[in-house]
Amino acid sequence: MRRLFSRAVLAALLLVPAAALLTGCGPGVAAQQTASAAPAPELKWEELIPKSWDPTKRYRNISLEALRDNDPRAIQMLDEMRAVWDNAPVNVALDDKPAKLAGFVVPLDSTQDGIREFLLVPYFGACIHTPPPPANQIVHVIAATTVKDLHAMDTVYVSGTLKAARYSSVDMGVSGYEIKSAAVERFVAKQPQ
């Protein structure tokens with residue numbers, strides 16, 4: 001039987017590369033745009049990570065299988081990993097640039113009329129079912145208008161000016177970027193031709 005800690009840490013360490021693989025996996029035709037914005041270049045999630053940042057480097061020589069959930073070393077390592085991820089550096093070359101990014105919605109507000117503020121994350125379940133990704137893989141989004149019928153883990157494109165800015169949600173994680181007055185487009189699956 002595998003230990004919970006080992007699976008959780010291993011899963012967390014593999015999420016960044018998994019996010020890179022998932023970037024091209026979303027459906028692609030926009031059905032609804034809630035705000036207009038100038039055309040922006042589409043970014044891939046791995047572009048938000050500085051090339052020199054390697055959060056896994058310090059854990060490569062550690063045998064995770066040898067650690068039990070209640071082992072003080074395991075608890076300390078998990079706390080250290082979370083601190084490293086919450087303080088993950090951003091790609092400063094993208095600061096204040098127009099951008100378009102595909103991802104999954106983690107609502108921060110929700111009303112009868114819809115959602116206006118949310119976190120955009122690179123893979124399904126991030127911040128809700130799994131540990132939050134590093135801060136440089138979370139974008140705090142404030143839509144230009146409330147988006148109707150938007151729910152947790154819906155897939156969307158978000159466009160606007162990408163800024164390096166920290167936002168901390170007690171329950172959901174720390175973001176390293178933000179897009180205010182964002183245009184939000186829903187995905188509609190491409191039909192085979």
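This report walks through one predicted protein model, from the whole chain down to single residues.

## Ground rules

The model is predicted, so local features need pLDDT of at least 70 and side-chain atom pairs count only at pLDDT 80 or more, while totals for chains, interfaces and linings use all residues. Residues are numbered from 1 along each chain as its sequence is written, and side-chain values use heavy atoms, with hydrogens and water left out.

## The whole chain

The protein chain has 2 helices and 6 strands. Both kinds of element are DSSP runs, numbered from the N terminus: helices are H or I with at least four residues, strands are E with at least two. Starting at the N terminus, the order is α-β-α-β-β-β-β-β.

The chain holds 193 residues, and 44% of them count as buried. Buried means under 20% relative accessible area, exposed means over 50%, and partly exposed lies in between (1.4 Å probe, protein chains only). The chain exposes about 10,600 Å², with 54% supplied by carbon and sulfur atoms. Such areas come from the Shrake-Rupley method with a 1.4 Å probe; for residues, only the protein chains shown count as cover.

Now take contacts (heavy atoms within 4.5 Å). Among those between residues at least 6 apart in sequence, 75% join residues at least 24 apart.

## Helix α2

Helix α2 covers residues 72-86, which makes 15 residues. The expected span is 1.5 Å times one less than the number of residues. That gives 21 Å for α2, and its end C-alpha atoms are 21 Å apart, so the two agree.

Which residues of α2 are buried? They are Ala-74, Met-77, Met-81 and Trp-85. These four lie on the same side of α2, because they cover an arc of only 65° around the axis. The arc is that of the directions from the helix axis to the C-beta atoms. The general rule is that an α-helix has 3.6 residues a turn, so residues three or four places apart point the same way. The face of α2 turned away from the buried side carries Pro-72 and Asp-79, which are exposed.

Two strands pair if DSSP finds at least two bridges between them. Strands β2 and β3 run antiparallel and are joined by 4 bridges. Phe-104 has Val-121 in β3 as its bridge partner. β3 also pairs with β4, again in the antiparallel sense, over 5 bridges. Strand β3 spans residues 115-121 and is mostly covered, with 5 of its 7 residues buried.

Ala-102 belongs to strand β2, residues 97-107. Ala-102 counts as buried because its relative accessible area is 15%. Leaving out residues up to four places away in sequence, Ala-102 touches Trp-45, Val-156, Tyr-157 and Phe-187. Val-156 is 54 residues from Ala-102 along the chain, yet their C-alpha atoms are separated by 5.7 Å.

## His-140 in β4

His-140 sits in strand β4, residues 139-147. Is this residue buried or exposed? His-140 is buried, because its relative accessible area is 5%. Leu-119 stands opposite His-140. The two are 21 residues apart in sequence, but 4.6 Å apart from C-alpha to C-alpha.

The side chain of His-140 also makes a polar contact with the side chain of Glu-117, at 2.6 Å. A polar contact is a pair of N or O atoms within 3.5 Å; within protein, one must be able to donate a hydrogen and the other to accept it, and residues adjacent in sequence count only if both atoms are side-chain atoms. Beyond residues up to four places away in sequence, His-140 touches several others, including Leu-108, Phe-118, Tyr-167 and Tyr-177.

## The loop between β4 and β5

Asp-149 is found in the loop between β4 and β5, the latter being residues 155-169. Its phi is near 55°, a positive value in a residue other than glycine. Asp-149 is exposed, because its relative accessible area is 60%.

Met-153 lies in the loop between β4 and β5. Met-153 is not a glycine, but has a positive phi of about 70°. Met-153 counts as buried, because its relative accessibility is 9%.
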